[in-house]
Amino acid sequence: MSFATEDGIVRAVDGVSFSVARGEVVAIVGESGSGKSVTAMTLMGLTRGPNARFSGSATFEGTELISASEEQLRRIRGAGIAMVFQDPMSSLDPVYRVGDQIVEQIRAHERKVSRAQALDRAVELMERVGIPRAAERLRSYPHEFSGGMRQRVMIAMALSCSPRLLIADEPTTALDVTIQAQILEELRHLRDRTGAGVILVTHDLGVVADIADRVVVMYAGRVVEQGLLDDIFYDPQHPYTWGLLGSITRIDSDRSQRLPAIPGMPPSLLSPPRGCHFRPRCPHAFERCVEVPPLAAHIPERPEALDRCWLPVERKRAVRQVEGQIGLRSAEPVAS
Amino acid sequence: MSEGEARSERAAVQRPGGLPQDGPEPQGGPGWQAGAEPTGGAEPTWSAEPSGGAEPKGAAEPREGAEPRAGAAAGEVPAGGGDRTPLLEVEHLRMLFPIKAGLVVDRQVGQVHAVDDVSFDLLEGETLGIVGESGCGKTTLIRVLVRLLDATSGTIRFRGLDITRAGRRELAPIRREMQMVFQDPQASLNPRKRVGQILATPLRMRGVPREQVARESRELLQRVGMSGDVLNRFPHEFSGGQRQRIGIARALAMDPRLILLDEPVSALDVSIQAQVINLLDDLQDEFHLSYVFVAHDLSVVRHVSDRIVVMYLGKLMEISPAEELYSKPIHPYTQALLSAIPIPDPRLNRSRERSVIGGEPPNPINPPTGCRFHTRCAHATDICRSVEPPLVQYAGGHLAACHHPRNVTAAEIASAVRSDLSPLAAGSEMPSVDSNGAGPPAAASAPAQG
């Protein structure tokens, strides 16, 4: 997936492959600009435009999404795939009542439903996502809701057609922790009750640890590592993942003097570095890193764990320990 | 502590530079007004190195005696060393915003209780974290502290001087010492000004001669980890992390003693967050800065703070040494906040017991009576609904405003005292041992009574 811009081609997403099973939560993590949101939006057909170039394939229950017509996509959206966006204020229409927006969504996807039936269902949905006095609140406008309540409305809308796959793009980023905990609880309930698959796009590793089954780590448009939740946290294979895990502040860790920050910043996708995109920031880079490493399994007993790094597995396990914890060794003392 | 010495030495040097400290009269007497007169570039002492400290070091000491905090109990000075003097003292500060209605004549129909009777102090060289959910008043609080907003009532003292009502002119020298770094580095840097211009303004105000401005700007940029040759670039040419560094450099340009940071890293990616936090750490050591660090992210606050203030709906819920707040939260609200944070460690996350509190913070126009948290609190009883709890001081400089404190033993409750920082309207009731179900920390997650 790339965008043609005035400055050249931006390879926003490059070589991303993953799958989501029913009832599974897959988290896509990465920093801003890593391509995680573009990946999610491309699946929904939301990145199409005169400047967008696509290659590769994405299938949902056997239907190809990348080359699907708008008409096909419309049928898949709603009951097939639904999406919750990061900013609930700008994704709700400020001039329509919340109830009307949910009803519109239901009736757009299911023509046979009457307005009254749709309203009943809207109340039920809003109650399900924890909005108190739902029947009354249907008549409110989005600005009358708090951030957490708006996000619940968004989730209610996404659930309105019982999707089999829910894509949530940073659903809790704008919310307070207590509300975040409530929303994540809601997502878990949904998954358990309906067996829907969930793709959760986030930058918050705490949220990932809380809810994900599998994790896809993206950096500068590429997947650098993917695998089961515990493997990513306790046996991460890519130096970027080490750096990410090392640089987070935690409420339960030692307040060490310094956080092992990743030096430098992500590259511009207009002119990415040759080979591994993380090479310029990686203290472990060596000659071979000017070639793009393939996303491959390197641990025989873990065929589902893929990573994009040339370092041998034993070496990775040896060098990723920084002061007893997983982290990225600071670049300064590296002599050679 | 040699660091402390260096600090007081520096303080002594700065004082002759036009600051009013020498006067024992803190209430804005004419003496300090005159001294505060910003006389253009006549203050080169601002950037003077401590080497010029001809002033006897002892000059800093008399302040102790001149401390205007009447009635401050001996045990009042928080943990962190009784010998350190408060840089900033806040007493019973209230900030109420009127809500007006009416077509022709504005009638006041209500008030938003943004900050409601808040008292605390900040020691020299200390980092005080302020946490709470959005709408708890933490941003309003620091805006009042730098006088971007005028407090409804209460007192703010900076180095013993009452600045609550100080006028523009009196405030000018104080403002130099109190700088602010904002949450959104994009919005807080003028997009039409080059980095050089952005940094030159405060440098010129500080009295740096024109010909030295460029050199000092480059030094500032290098101090915050950026290349000195970006003076001709515009803010939009930088990433979020770099822009935040520029914002920090701008604050440093004034040579402040205190920097108020309003969510300085929450707009940044984690790896960049770590860089900026490390930078703030280094700068604090290098320039002996005090920080007030406002954030909603409790793990970031924990990493940077010496002490932490927890706010809820405009009130102080708990003040605690940083580490203890996390290992031994006394207020149920603090507990709920901590329990809501997902730990980036899957095994730990699965094994720990979490109590998700329901609901949302009530409307600050019409806050609940008694304890403001009682509507969401699992331990609330009748007294919580009717009587506002006083701030109670427990051992180790740990304060909490709760009728049913958690994680404290009966003995700790018995030896606790009512703090002078308590809100004026708070009741006289001390938490009693029998009614709170206090005991081992395990009792924390169980509701006290039905």
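**Close-up views of a predicted two-chain model**

**View 1. Helix α4 of chain B and the residue after it.** In this predicted model, α4(B) is followed by Arg147(B), whose phi is positive, near 65°. Helices (H or I, at least four residues) and strands (E, at least two) are DSSP runs, numbered from the N terminus. Because six of the eight residues of helix α4 (residues 138-145) of chain B are buried, the helix is largely enclosed by the rest of the structure. The buried residues of α4(B) are Lys138(B), Thr140(B), Leu141(B), Ile142(B), Val144(B) and Leu145(B), where buried means that 20 or more other C-beta atoms, placed from the backbone, lie within 10 Å of the residue's own, as against 12 or fewer for exposed and in between for partly exposed.

**View 2. The two domains of chain B.** Chain B is assigned a domain 1 (86-310) and a domain 2 (331-418), with bounds that come from an automatic or database domain assignment. Taken over C-alpha atoms, the centres of these two domains of chain B are separated by 29 Å. Eleven residues of domain 1 of chain B are in contact with ten residues of domain 2 of chain B, contact meaning that the C-beta atoms of two residues, placed from the backbone, lie within 7 Å. On the side of domain 1 of chain B that touches domain 2 of chain B, β2 (107-123) and α11 (298-304) of chain B each supply at least two residues, and the largest share, five residues, comes from β2(B).

**View 3. The contact between the chains.** Chain B brings 36 residues to the contact and chain A brings 35 residues. On the side of chain B that touches chain A, at least two residues each come from α10 (270-287), α11, α12 (322-327), α13 (332-340) and α14 (346-351) of chain B, with α10(B) giving the largest share, eight residues. The predictor gives the complex an ipTM of 0.78 and a pTM of 0.78.

**View 4. Confidence along chain B.** The pLDDT, which is the predictor's confidence in each residue, from 0 to 100, averages 79 over chain B, where 77% of the residues score at least 70. It stays under 50 over residues 1-82 of chain B and also over residues 435-450 of chain B. Where pLDDT is low, the predicted coordinates should not be read in detail.

**Notes.** Residues are numbered from 1 along each chain as its sequence is written, while chains are lettered from A and ligands numbered from 1 in the order in which they are written. As this is a predicted model, local features need pLDDT of at least 70 and side-chain atom pairs count only at pLDDT 80 or more, whereas totals for chains, interfaces and linings use all residues.
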